[in-house]
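I open these notes for a reader new to the structure. The entries record what I looked up, in the order in which I took it up.

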Number of protein chains: 2
Amino acid sequence: MKRYFISLLVLMAFGQVTFAQQAIFDKQNTQSPQVNSDNSVTFRLYAPKAQKVQVHGDFMEGIQDMTNENGLWSFTTPANLSPELYMYWFRVDGIDMQDPGNLMRSRDVRTHMSNFIITKEEGDKGYLYQNHNVAHGNVSEVWYESPKLGMIRRMTIYTPAGYEKGGKYPVMYLLHGAGGDEEAWPTLGRTAQIMDNLIASGKAAPMIVVMPNGNASDDASPYATGLTHKQKPATTYEESFTDIMNYVQKNYRIKKGAKNTAICGLSMGGYHTFSISNLHPGKFDYIGLYSAAIRMGWRQENQPLEEYLEEKQGKAIEAVFAANPQLYWVAIGNTDFLYEQNKSLRNYFDKKGYKYEYFESDGGHIWRNWRIYLTMFAQRLFK
Amino acid sequence: MKRYFISLLVLMAFGQVTFAQQAIFDKQNTQSPQVNSDNSVTFRLYAPKAQKVQVHGDFMEGIQDMTNENGLWSFTTPANLSPELYMYWFRVDGIDMQDPGNLMRSRDVRTHMSNFIITKEEGDKGYLYQNHNVAHGNVSEVWYESPKLGMIRRMTIYTPAGYEKGGKYPVMYLLHGAGGDEEAWPTLGRTAQIMDNLIASGKAAPMIVVMPNGNASDDASPYATGLTHKQKPATTYEESFTDIMNYVQKNYRIKKGAKNTAICGLSMGGYHTFSISNLHPGKFDYIGLYSAAIRMGWRQENQPLEEYLEEKQGKAIEAVFAANPQLYWVAIGNTDFLYEQNKSLRNYFDKKGYKYEYFESDGGHIWRNWRIYLTMFAQRLFK
């Protein structure tokens, strides 16, 4: 009944051609992407004037030509795509664009991409990245004062289901990579979905997840807020990190102490994790480096990494391991361009006899891996 | 220094061609849109193979051809665009796409559009829609249990700057239109920016703004969460609205009573506002209908609206006005397709001698108007 009257309203709207009505009608109502029963996926684009239409996605190598039939271009992937959140875009006569038939999109740094999720059974990767009928945590865009940076800055905070009812919770700080911002982990990282599903199935402890903006010169992502205020940072992001921890401690009901505090991050956020944990030995019982940049910011180019680590961070790293963290976790893909850096780091740790765990995945410096690392790391915490 | 090392990392990444690096490099680094000193705007797209490139935006009538110079297509608007958040898209050989040079985008129901903001001076419309150096409220995606709908559902809640420090606040319920969801007001509606700027300048009282999902069959927007759970609603959204109010009352520090409670909404959300306020006479001291659909869902097609209002809602409306609300506000654009419905409503109110205020803007059923209405209405509340 309700639906009928909504249709009525829409029909009325149709009588009038204005800009706004564009929004209600999807004129290219060609289904795309279509997940087929064999778990292949068909993409479609109606582009009768195009000479060449291609699709580029992280479910296959290279860019693929789509086939034209009366102006409807299509491409079907091989069968049996494995569970995953996949990203893709179309290239029409050389111009990249998102799939107009697919409203599910994410911004990855400076590129918008279409995406879709393949899931085959409860608990698989694709399943973990979706909203399911479980208790959900809330996700907040929170502004905090950073006296050390002299700015009011924005971060994203996940509080687990039931947080409103009381109790204290451990905290994971989850840091993004270069060019990213406080929207990276909540969107492409699927943090809320992963945490909701892991917590609901008892695989992860209920925890608060703090996702700050790691660009010390910015107050917030400009794309959501309409404007970033930039200023020359008075100190480094790593030095200012205590402002974030202080805010969280003051405004959230957290369990204190190292055993209730984890820090992890990807790429530049891995560098931040490394640096911040080195600044505060014994403060974090769980440290996770995801495809971490180890030599950002403080390594002379010509000096071997291990030598530089020893010279500049040796005492700090020693103190970190002397505090005997529950888990020091290093993860990277076997084709990641930072693989050698991480190998040097592991060599350094090995020579020193420091206790850490290492996980090596397939693939490179990609979100697919970072979601996997978050999923694995989160299950190891606070137990 | 930091910037230098980020560049280094990026250069290293460049050595390797993988999918992920796409995200870091914006190969179409043609500036678009470019706001010129005369407040015209230039759009650019590099499309050497295209036959025809056009731009369609709400800053001008119709769709405009762009000019090709060696494959770089461009178009400059007339000078002196007035302060506003504008939306636009490109049409390349008949295919609509977003401006790849512009990362600022919003989804309006089922269409993604590029957007940009023109501002000329502090306090103008464009200014109000941006993040400025003022105290900011937080925006949360909150899941609440709706016993009446038998679902756990998602809504968006704005808490004003300083909320964390204590105190009680009045509440505005702000409802979206047909096809929209709990992301509509926070994105295209610019709620947080408008409220931050109005509150910071003393023009609006600090208040909590609750933006629910008005689609009774859905638990949440699928585009952010990866999946919507749909079910046949056990009751109407309007009937279930008390679940939302109960959740807010229980979980937020609110000032109670009609004088601290406002409800307003656009289009279908205007219909919801009308219906919900009729269901609860004396509960809301501030009622705002923005381009409201008056006859959704309960009007027989052939019966004149005024007659139907009298027959089905007459007693409820009488009770609403008998409670003497501080402000019953009706706003609509002079070319809105719902103009006549709203005229009938006003006629009905006039004949009954009910006290309301009316605001008529230029233009139609568009977000530009809804942002204006929110800006005006918010300044009238809780004073």
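Entry 1: I count a residue as buried when its relative accessible area is under 20%. By that cut-off, B:Tyr286 and B:Phe382 are both buried.

**Entry 2: confidence.** I note that this is a predicted model. I found a mean pLDDT of 91 for chain A, with 91% of its residues at 70 or more. Residues 1-28 of chain A have pLDDT below 50, and in the model this stretch has 55 contacts beyond near neighbours in sequence. Where pLDDT is low, the predicted coordinates should not be read in detail. For the model I recorded an ipTM of 0.92 and a pTM of 0.93.

Entry 3: I asked what span helix α6 of chain A should have at 1.5 Å a residue. Helix α6 (residues 237-251) of chain A has 15 residues and should span 21 Å; the end C-alpha atoms are 21 Å apart, which agrees. Among the buried residues of α6(A) I listed A:Tyr237, A:Phe241, A:Ile244 and A:Val248. An α-helix has 3.6 residues a turn, so residues three or four places apart point the same way. In chain B I looked up helix α7 (residues 237-251), which has 15 residues and reaches 21 Å from first C-alpha to last, close to the 21 Å expected. The buried residues of α7(B) include B:Tyr237, B:Phe241, B:Ile244 and B:Val248.

**Entry 4: a sheet in chain A.** I traced an open sheet of four strands in the order β1-β2-β6-β5 (chain A), with antiparallel pairing. Strands β1 (34-35) and β5 (67-69) of chain A stand at the edges with a single partner strand each, so one side of each has no neighbour in the sheet. I then followed β5(A) to its antiparallel partner, strand β6 (residues 72-76) of chain A, to which three bridges join it. A:Asn68 has A:Trp73 in β6(A) as its bridge partner.

**Entry 5: strands in chain B.** I found strand β1 (residues 34-35) of chain B joined by two bridges to strand β2 (residues 41-46) of chain B, in antiparallel fashion. B:Gln34 has B:Thr42 in β2(B) as its bridge partner. The hairpin of β1(B) and β2(B) has five residues between the strands, and there B:Asn39 takes a positive phi near 60 degrees. B:Thr42 stands opposite B:Thr76 in β6(B).

**Entry 6: aromatic rings.** I recorded 64 aromatic pairs over all chains. One of them, B:Trp185 with B:Trp367, is edge-to-face, at 5.0 Å centre to centre and 85 degrees between the planes. B:Trp185 lies in helix α4 (residues 184-187) of chain B and B:Trp367 in helix α11 (residues 367-378) of chain B, so the pair ties together parts 182 residues apart in sequence. B:Trp185 counts as buried at 1% relative accessibility, and B:Trp367 is buried at 5%. I then returned to B:Tyr286 and B:Phe382, an edge-to-face pair at 5.3 Å centre to centre with 75 degrees between the planes. B:Tyr286 is in strand β16 (residues 286-290) of chain B and B:Phe382 in the segment after α11 of chain B, 96 residues apart.

**Entry 7: charges over rings.** Which ring does the charged end of A:Arg346 sit over? I found it over the ring of A:Tyr339, 5.8 Å from the centre. In chain B, B:Arg253 lies over the face of B:Tyr163, at 4.2 Å from the ring centre.

Notes
Residues numbered from 1 in each chain as written. Chains lettered and ligands numbered in written order. Predicted model: local features only at pLDDT ≥ 70, side-chain atom pairs only at ≥ 80, totals over all residues. Heavy atoms only, no water. pLDDT = per-residue confidence, 0-100. Contact = heavy atoms within 4.5 Å. Expected span 1.5 Å × (residues − 1). Buried < 20%, exposed > 50% of the residue type's maximum accessible area, 1.4 Å probe, protein only. Pairing = 2+ DSSP bridges. Phe/Tyr/Trp six-rings, centres within 6.5 Å; stacked < 30°, edge-to-face > 60°. Lys NZ or Arg CZ within 6 Å of the ring centre and 35° of its normal.
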